[in-house]
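Hi everyone, thanks for coming.

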Amino acid sequence: MSRLGVQAALLAAGWAAFFWLVSAQELWARVMGALFPQVSTPVYERNTLWELTWQHLGLTGVTMTLVVLIGVGLGVWTTRAQGHAFLPLVNNLTTVGQTFPPIAVLFLALPLVGFGATGAVAALTLYALLPVTRSTVLGLQSVDRPVLDAARGLGLSAAQRLWRLEVPVALPAVLAGIRTALVLTIATATLAPMVGTGGLGVPIIAGLGADNLALILQGAIPVALLALLGDLTMRTLERWLTPWVP
Amino acid sequence: MIEFREVTKQFAGGPPVLNGITLAVPDGELVVLIGPSGSGKSTLMRLVNRLIEPTSGSVWVDGRNVADVNVVELRRNIGYVIQSVGLFPHLTVAQNVELVPSITGVPAAQRRRRAEDLLHLMGLEPAAYAERYPRQLSGGQQQRVGIARALAADPAYLLMDEPFSALDPITREALQEQFLQLKRELGQTILFVTHDVEEAVRLGDHICLLGDGVIQQFGPPDELLHRPANDFVASFMGDSRELLRLGLRTAADYMRPPDPAARGQVGLDWPADRALSALLGAGGAAMQVVAPSGEVVGSLRLSDFAGSSQAQQPAGEPGA
């Protein structure tokens, strides 16, 4: 308990430090200016770092909401009797979705959903679906036969078995899958500007185009920190939600 | 009462596993289903709470055909204990025991009290065990929780599928002992599956020996041991079945009047196999039989065990 408390406190401090860092536009300008005296624009100027960060968080948040809803939904459905026939198909589709390089998924999604935030979210969702669906299926399949047999014999209905046994037992795997998808999405969302949206990828892509390392770092450092914090947040959440896991 | 009427079960493509089984489990009794693997003993048991449906025939519980009872309702009134226990890994011991009452809406304080009573009854102190997770318990402790869970809703019936088979001999014996006591206190009607003859003799009021899809013999343990109906029964109950019978009796069943020459003591209430073992250890000399009060009430010698099979009936089994 206390260990979890300490972990949560450190995490809160980490997030506070992160938000302070991305709000300190002046500081970035001064530090980058000092580090790279040769570049004329040491920070991205059309949006503040604060705005870019929140665009990135927005993209990630919307994507992850969809990924969790669709991924867990598909996982549960394909492990029920009525959806079992679709398990191989869903497995294959999600694998294909992830085998393509993310950039390809982004551009392939373009003609379907169009330019802009919708396209980016659709492509990111497709890309991050695999770990969540796969881990939900594996988690649900990991419930021991005897435990299911006991649950049936004790008089639990199918719905009660799902909610009181299968879902909780699958939860560690599902949360681990969501954690993987989250880190993947935070990283991959840096490509979103290529299909016309914002986010921390904006200064990176601008910096690549102008051969400006300062701009690249302005996007890359917050993204790396965000991925790290996202991972730690999920780990803390896992520990808190599944206290029975050794 | 649990009743099987002309029950036949045939799985797709195979010969019938059960072939016209008719059997009654009287109220308050423990009936053991025993037989070699594949004899359908588990299948027969799982017909009662409809984990399996019969191909033909019917199963009746409390005078009602189980096929006409809502399956969830039926199962909640029948405790179920299995060999691999099947505790929910994400719930604490107390939460596992409270599982069924929590579903049926028993108030939290009440079901908690009941869970603690049951854990105590099963020899697990709630203060030490209630908040642990199943993985933190030994196999024997897990099965104690499994039995407490089955009893939580206070069912009139209990189905036990090889509940002690996976345990080491010492734990198994301790649990059997405790379970016998519990059974006397609670008075459930119990159907108990095992493949262990000793366990069947020890626990059963009646034994039903299944083989080749039919009942080979149904009767009190003593009858199957002493008067096997056929070669199948004789061979299944084993070559030392007369020795097993000793476990059903006490020294009191064999003793003769006190003998001043007797040395050493055996207890009046000792199981006869223990008394025999003491006699063999003493080199065959006569021994005194002593009542719990310390009074010498008789004597016992090796020859008292010979030829006694017709003369003495086990206590409480007149005419068996």
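Let's begin where the two chains meet: 17 residues of chain B are in contact with 16 residues of chain A. Two residues count as in contact if their C-beta atoms, placed from the backbone, lie within 7 Å. On the chain B side, the elements giving two or more residues are α2 (71-76), β6 (78-82) and α4 (99-103). Helices (H or I, at least four residues) and strands (E, at least two) are DSSP runs, numbered from the N terminus. That side of chain B has 10 nonpolar, 4 polar and 3 charged residues. Here Ala, Val, Leu, Ile, Met, Phe, Trp, Tyr, Cys and Pro count as nonpolar, Asp, Glu, Lys and Arg as charged, and the others, Gly among them, as polar.

A quick word on the source: this is a predicted model, where local features need pLDDT of at least 70, side-chain atom pairs count only at pLDDT 80 or more, and totals for chains, interfaces and linings use all residues. Residues are numbered from 1 along each chain as its sequence is written, while chains are lettered from A and ligands numbered from 1 in the order in which they are written.

Now, how many helices and strands does chain A have? Chain A has 10 helices and 0 strands. Its C-alpha trace spans about 75 × 50 × 20 Å along the principal axes. Among chain A contacts between residues at least 6 apart in sequence, 74% join residues at least 24 apart.

Back to chain B: an automatic or database domain assignment gives domain 1 (2-244) and domain 2 (249-311). The C-alpha centres of these two domains of chain B are 36 Å apart.
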